[in-house]
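Please look over the sequence and the structure below, and then follow the sections in order.

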Amino acid sequence: MACKDPEVDLWTVPLVALNVRVRKQLGLYLNPRSTVAPDWMAVAEAMGCTYLEIKNYESCVNPTKAVLEDWQARCSDATVGKLLSILSDEVERKDIVEDLRPLIDEDVRKYLDNQKKKAEPPLQVPEVDSCLPRTPERFGITLEDDPEGAPELFDAFICYCQSDFEFVHEMIRELEQTECRLKLCVFDRDVLPGSCVWTITSELIEKRCKRMVVVVSDEYLDSDACDFQTKFALSLCPGARNKRLIPVKYKPMTKPFPSILRFLTICDYTKPLTQSWFWVRLAKALSLP
């Protein structure tokens, strides 16, 4: 499925290029159950969702949004071209493609323009750009970094919000201060102050840590920092091919579990019958090569 711009191949444009407006419009077309035209269920099936997954989506206020987010997170071939192919050819909803194509092309153009700008050298010199990494690896960004040697490496980056810090302390005791001897990257403990948060976080997750543990709670869902860290980690491993991201649930939740993590195996501390296995399973997962 090619873009109206002959130089753009939509099969190479990731689904993340489509903004909220287009996704909302897709929901307006697909969310209503219809006996005449294929709806979101047909799209989910074409995207490879199982029967149980589709049943779970039924409880969502906007099932189309949830299906797209899950597909984007777990499939490396979740592209704009693939979505248009599914709508046009597999579920025969050419009407949606025709109506939304101008908006989709606009989103793709903006996305490609932004990617092009990111690839260009910055206009500012390094000394005046506050969000460039002023502390490259050789200068140190964590407590144990050796300015003259190799950067400090970790087994896992811990993604958490401040209200869950007590559980993070327990995680430190169980995984670092026992025979497990794992090395965790806890931002408030290990990162030196004075650096751009987003830049340093990205570097730690991508280059310094083998995996990321996500401490999921109701408060986590309201944290912009946790949202950024989770989506960044997922973007590094589409489809969770290398088990890079491990969700942990340590207390009951009143809000729905985040849809972008629903396809990953959860380490659940809330189940009394399996609590005794919790730390062993988590430590083993973090010890894998």
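## The chain as a whole

The protein chain holds 11 helices and 5 strands, and the model that shows them is a predicted one. Among the 289 residues of the protein chain, 44% count as buried, while the accessible surface of the chain comes to about 15900 Å², with 55% of that surface belonging to carbon and sulfur atoms.

When contacts in the protein chain with a separation of 6 or more are considered, 69% of them are accounted for by residues 24 or more positions apart.

## Helices α1 and α4

Helix α1, which covers residues 20–30, packs with helix α4, residues 63–74, at an angle of about 125 degrees, and their axes are 8 Å apart. Because of this angle, α1 is oblique to α4.

On the α1 side the residues that meet the other helix are Arg 23, Leu 26, Gly 27 and Leu 30, and on the α4 side they are Thr 64, Leu 68 and Gln 72. Sorted by class, the residues in the contact of α1 with α4 are 3 nonpolar, 3 polar and 1 charged.

## Helices α9 and α10

Helix α9 (residues 197–208) and helix α10 (residues 224–236) have axes that come within 10 Å and cross at roughly 40 degrees; the two helices are therefore oblique to each other. The crossing in which α9 passes α10 is right-handed.

From α9, the contact is made by Trp 198, Thr 201, Ser 202, Ile 205 and Glu 206, and from α10 by Ala 225, Phe 228, Gln 229, Phe 232, Ala 233 and Leu 236. The residues in this contact of α9 with α10 divide into 7 nonpolar, 3 polar and 1 charged.

## Leu 204 in helix α9

Leu 204 has its place in helix α9. Is Leu 204 buried or exposed? Leu 204 is buried, because its relative accessible area is 0%, and a residue counts as buried when that value is under 20%.

Setting aside residues up to four places away in sequence, Leu 204 touches Ile 141, Thr 142, Phe 154, Phe 157, Cys 185, Val 191 and Cys 209. One of these, Ile 141, is 63 residues apart from Leu 204 in sequence, yet the two are 9.2 Å apart in space, C-alpha to C-alpha.

Note on methods:
Residues are numbered from 1 along each chain as its sequence is written. This is a predicted model: local features need pLDDT of at least 70, side-chain atom pairs count only at pLDDT 80 or more; totals for chains, interfaces and linings use all residues. Side-chain values use heavy atoms; hydrogens and water are left out. Axes are lines fitted to C-alpha atoms, for helices over the stretch in contact, and angles run from 0 to 180 degrees between N-to-C directions. Helices (H or I, at least four residues) and strands (E, at least two) are DSSP runs, numbered from the N terminus. Angles under 35 degrees count as roughly parallel, over 145 as roughly antiparallel, 65 to 115 as roughly perpendicular and the rest as oblique. A crossing is left-handed if the near helix is turned anticlockwise from the far one by less than a right angle, and right-handed if clockwise. Contact means heavy atoms within 4.5 Å. Ala, Val, Leu, Ile, Met, Phe, Trp, Tyr, Cys and Pro count as nonpolar, Asp, Glu, Lys and Arg as charged, and the others, Gly among them, as polar. Buried means under 20% relative accessible area, exposed over 50%, partly exposed in between (1.4 Å probe, protein chains only). Accessible areas come from the Shrake-Rupley method with a 1.4 Å probe; for residues, only the protein chains shown count as cover.
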